[in-house]
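Please find below a colleague's note for someone meeting this structure for the first time.

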Amino acid sequence: MLGLNRKDSLLFVVVICLTMFAPFLLNPFPEGSELAQFNAGYPDLMQRFVIFGIFAIGFNILFGLTGYLSFGHAAFLGVGSYAGVWMMKLLTMNVIPAILISVVVAGLFSVLVGYISLRRSGIYFSILTLAFAQMSFSLAYSVLTPITNGETGLQLSLNDPRILGVSEVDGSIPPANLFGLSMRDSTELAMGNWLFTFNVGYYLSAVVMLIAFYVAIRIFRSPFGMMLRAVKSNQQRLNYTGLNTKPYTLAAFVISGMYAGLAGGLMVAMDPLAGAERMQWTASGEVVLMTILGGAGTLIGPILGAGFIKYFENIFSKINESILHQWFAFLPDGLEDALVFMVYPFIGKGWHLTLGIMFMLVVIFLPGGLVEGGQRLGRLFRRRRKTDTKPGAGATEPAE
Amino acid sequence: MDALLLQVLNGLDKGSAYALIALGLTLIFGTLGVVNFAHGALFMLGAFCAVTMQRILTLSYEVVDETRTDFLGNPLKVDVPYVQSWFGDSVGGGIIDWAVPISLLMAVPVMIFVGFAMERGLIKHFYKRPHADQILVTFGLAIVLQEIIKYFYGANPIPTPAPDAFAGSFDFGAMLGMQAGSIIYPYWRLVYFFFALAIIGGVFAFLQFTTFGMVVRAGMADRETVGLLGIDIDRRFTIMFAIAAVVAGLAGVMYAPINSPNYHMGMDFLVLSFVVVVVGGMGSLPGAVAAGFVLGILESFASMAEVVAFLPGINQIIIYLVAIIILLTRPRGLMGRKGVMED
Amino acid sequence: MGLLEVKNVNKRFGGLQALGDVNLSVAENTVHAIIGPNGAGKSTLLNCLVGKLIPDTGSVMFDGQSVLGRKPHEINQMGISRVFQTPEIFGDLTVLENVMIPCFARRDGAFKLHAFETVMNEAEIVDMAEAMLTDVRMIEKRDVHAGSLSRGDKRRLEMAMCLVQQPKLLLLDEPTAGMARADTNNTIDLLKEIKASRPITMAIIEHDMHVVFSLAERITVLAQGTPLVEDTPENIKGHPKVQEAYLGQSHE
Amino acid sequence: MSKTDLTRRGVMKTGAVAGAGLAVPTIFTARSASAFVNEPTGGSVTLGFNVPQTGPYADEGADELRAYELAVEHLNGGGDGGMLSTFSSKTLDGTGILGKKVEYVTGDTQTKSDAARASAKSMIEKDGAIMITGGSSSGVAVAVQALCQEAGIIFMAGLTHSNDTTGKDRKANGFRHFFNSYMSGAALAPVLANAYGTDRKAYHLTADYNWGYTTEEAITSATEAMGWETVETVKTPLAATDFSAYITPVLQSDADVLVLNHYGGNMVNSLTNAVQFGLRDRIVNGKQFEIVVPLYSRLMARGAGENVKGIFGSTNWHWSLQDEGSKAFTRSFGTKYGFPPSQAAHTCYVQTLLYADAVQRAGSFNPCAVVEALEGFEFDGLGNGPTLYRAEDHQCFKDVLVVRGKENPTSEFDLLEIVEITPVAQVTYPHDHPQFAGGALGSCNPGV
């Protein structure tokens, strides 16, 4: 299908289904039930899942294939966001130009950073990218305030010039749209006690992510992708084979920078604000963690990792003490309090702690990330089925 | 001129902190080959040893003072530290006053224990794993450590003043025959600087003049070979890790009076320390120390109003800018060796 | 005029004169061995040929063009391939992919952004690589990860990767180092086969005299960074200078 | 199992669809569902408390959260009623808002605009919150305020002191009870002139971001109007932890006052460093050297320990105020939690009450009705004397406190003493004042 082999086609179809039916899949618990707290099927979080998915897919093209660990990738996302907001301020609220300019500007910026940083490898490369990103962040937060609006973040205002559009509609800023279709519009579907929300912005992001994912698969399976894996494996041999590694790594760097810009542009399209913290080293670190957590070098891993982290950030941080008391209300008072006391440090303001513990557990027990967890489960399941039918038939699981 | 001299002095204590953290970081990297993102957290734990010691010394019982009222209008309960009531106001007060230096005594065993536990329990299993995994697991650990501290001590900075004896500042200006008060420098920062020199000197002497240190240096130069010599390198690695933890911890204890400790101070220092280590050259101890001081002093220079007026924002980015320039002109940092962490 | 002309090449490392006035001429379609005791400068010379090192003085001409100042990949594109002493292969890739990469390099040059083709759809390249693997009798291992091959297979694979580029000059750095006698003989046979089947020039650095005398048509003896003699194997065998400098020490 | 967060989504549980149990899909769009976004239709209404729970302001956020919980308790008729009894408007009677029980959801702003907006959005989209409040920095307040404007939700700002929140970034759906940089300057300057004289040379260290800029501008213009001279203004990086490099140049200047336009951790460190370098022991131009901290936070001042003693600053509110409202609030907060509330807690508590009261008076949760009810609203009994919610910029005008670090604190909470209660007239400015220029409220947005 679409030039993919059977296994990749299958994976792609699965991802298509997951994203298209996400409003159902992420809302498994009925409204009003105690577990509804764990529902993630609301537009903002679904958008974040796919947007950070794009970011991580792009990062994985660089890190997963070439092994170059960039610690400053958030800078491209940030730069893309700023470009996107400016496009909305100056040109039109249609999201297409904003997204395009985000990709272009992030691409150009990554050419500059990549050209310089790729002169070094290993940790020296990481520190160079980190340095560029931190400089971008610091400057955006302070002296570049006229362009970036500093601490507050660049946002739309009622007196933006907006050449191909209007500055305001009845005292409000017009919403971001795709040829008139507002990103904020949603349709809701009620089935029994369940309520599902289908949001225009989410589906736009999801389609973009599917395209991005498809492109990533193609890159992984292309000669170019093979060269990038060769870079990771043995640069010296590649040089003595007549290939110039620099343009390959630079191309990978720029492609992944453009993915970051695309993610930044989409973020702006969903929510027209660009904050400087997007470029901070913690944000760069986050995408590294997403990729490693999901499984670096695998196709689906980064998306899983992105979902995992964003889920924690948005769902666990919102559980508070009174919700805990509700959950354990059926227990005797003393036990209820004891349980709340034990769980409390890990939720709400303690969500960082839980995340830290999860990082450690995953990396200790699943060296290949969440994908490896999935593979192990699959193998376990398959082996059990195999031993039932045909004992002794060992299957070699081709690596993703 | 005196302005420059002042900034050099300022750079020295900042540089001391960078150098001490970077020293431990590069020691761990050089011997164990582990990228330790939890090293900043060790620095933070050290600072909280000082906070804890202060809390222990000021453990109090309550005395109700009927003449005054608290915010709700009830009789005021006044806390009287046990130490003060046992030893009398002057001696007890003096002991409390010296909480930070006293906590050095506590910090050493605590940090040795933390170092041991970390290395045996976690880091050991990651020697052979890719650097990315090491980063992830130590980063997770750093988050866990700082969240635990936050749970018990809150997010706000906690004041841990230096003993009164060191409270004032030293008038260099008057000493050098310049106008009095033009160059002054707090005593505690001087203490910190000399303390850092002593620790750095101690670590170097240890590596230089003991057989243990010799093996470790050999290990840093060529890990494989030393492993082949049949020396029990594992045990030495553990000890090395504990030493690095102690260095970071002591740096943290002594830093507490300079800026009130808070739970995220480790992360604040972590990134800069990494830059310092890399600029110094991965795995090079003298490089780390030199880079610490160089970057500390440059950072101070860059924050001078004259410089900022000329290059707006330079004070925000100087360290990164210098790091880029150094790495582009000297591929492996100031004193790095070839082939270390380049793939 | 040989295919490779090395003239007056000097290289110093600090106080050590690694190469002193080296002159060497490798004629087209010959097998030329470079021998000499340890530290004679053989590897340094090789590194100067492929662009890893730049000589202090002198010239290295290949096919009428200077290789000096060119990057390793450019020199390779001129038609020089190198087999390393410890096999340099792509351990994370499969055997077939290992061979396909030089095929791409040969067809597309030093860089091409072919990000949208699919590797396995490149029939021409796959055919070329499979044919090569058949030649070196490794076709049955085409889907194995190269990192898990035996040392002999790795060397064989590396040779296939070099040969598939159809280089004008193949540089072999101790191709039988660390091999058992049987493997060594296999390698000799393989190299003979290669030589017989196509027009190719080879320069071999080798310790093992058995290999040298089985293959070489001309031999240059290096000692302490300078060429002692250059002659045919027959003449080298009895040459007194060589006996003294080299064979005298290491021949059992 | 029966206690649930009834929200817009709560309809699903109690409404017609639920009983049927037949999975007959009902499709409707948000547009047509109700008159305004998240209209509460069940027996309860959900408010969103968006405060920093991680990061440097986590403790301040925790205090805000305590105040919110207290406010919800009082609105629902629990506890001792707190300020409900002292509030000049008597519409709130402890039966929730418009008879609906008040529920709440919490979120973490992380003191980052992005995270704060994500959290606010989840409250709006997932939990059906009708109002968002909280926050501990101006960047977050402005970002969330803009989001609420777009989404059609009321935003009641928490602790935000930058002029921009009700200046160039003001929004029709957003309201601020807290005071601002201008007010700090206007209140502080006369007190400073009184204490230190009118012939002073000030050196400013300013945090390098929006709030720092507006505070520096406000303080310099207010003090210059009193006759002070501004010798130098230097920006310091937000990430700075050690300010020695910025403090020492002060020694070389002929300044005799240092103004620290810093907040939170920055303030703690810069003040500590300044005292370490002996600035307070200096005599310059024949005068005692002084330090001023324009915006005081008691929570943060604790981090600076002894160093705050005798240092002037301004604050929105302090628990030692003796009016009935403040006493009532301090009493019920202190009884519940065991320590006095911070100014952040106070403003958050008051904002919740003000919102509830506005809804009650308007008789509707419709944001536009609430905006109308709050605009130009005059009230008293909430701790700062008679107060006006000005219609033009949605800023509260009330008395401002000038405080000084206490020499002999009786407890760890008793760090500040009130020097002067600056009357509201002195801190009032025209809504088109240059420091607030460039913004427009726009029109209220009910979200549909």
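1. The model is predicted, so local features need pLDDT of at least 70 and side-chain atom pairs count only at pLDDT 80 or more, while totals for chains, interfaces and linings use all residues. Residues are numbered from 1 along each chain as its sequence is written, and chains are lettered from A and ligands numbered from 1 in the order in which they are written.

2. In chain D, 5 strands make an open, parallel sheet in the order β3-β2-β4-β5-β6. Strands (E, at least two residues) and helices (H or I, at least four) are DSSP runs numbered from the N terminus, and two strands pair if DSSP finds at least two bridges between them. Because β3 (101–108) and β6 (174–175) of chain D each have a single partner strand, they stand at the edges with one side left without a neighbour in the sheet.

3. Helix α5 (113–125) of chain D packs on this sheet, touching β2 (44–51), β3 and β4 (131–134) of chain D, and its direction makes about 150° with that of β3(D). Contact here requires C-beta atoms, placed from the backbone, within 7 Å; angles run from 0 to 180 degrees between N-to-C directions, with axes fitted to C-alpha atoms, for helices over the stretch in contact.

4. The contact is made by A:Ile123, A:Tyr124, A:Ile127 and A:Ala131 of α6(A), with B:Phe274, B:Val275 and B:Val278 of α11(B).

Conventions:
Two residues are in contact if their C-beta atoms, placed from the backbone, lie within 7 Å.
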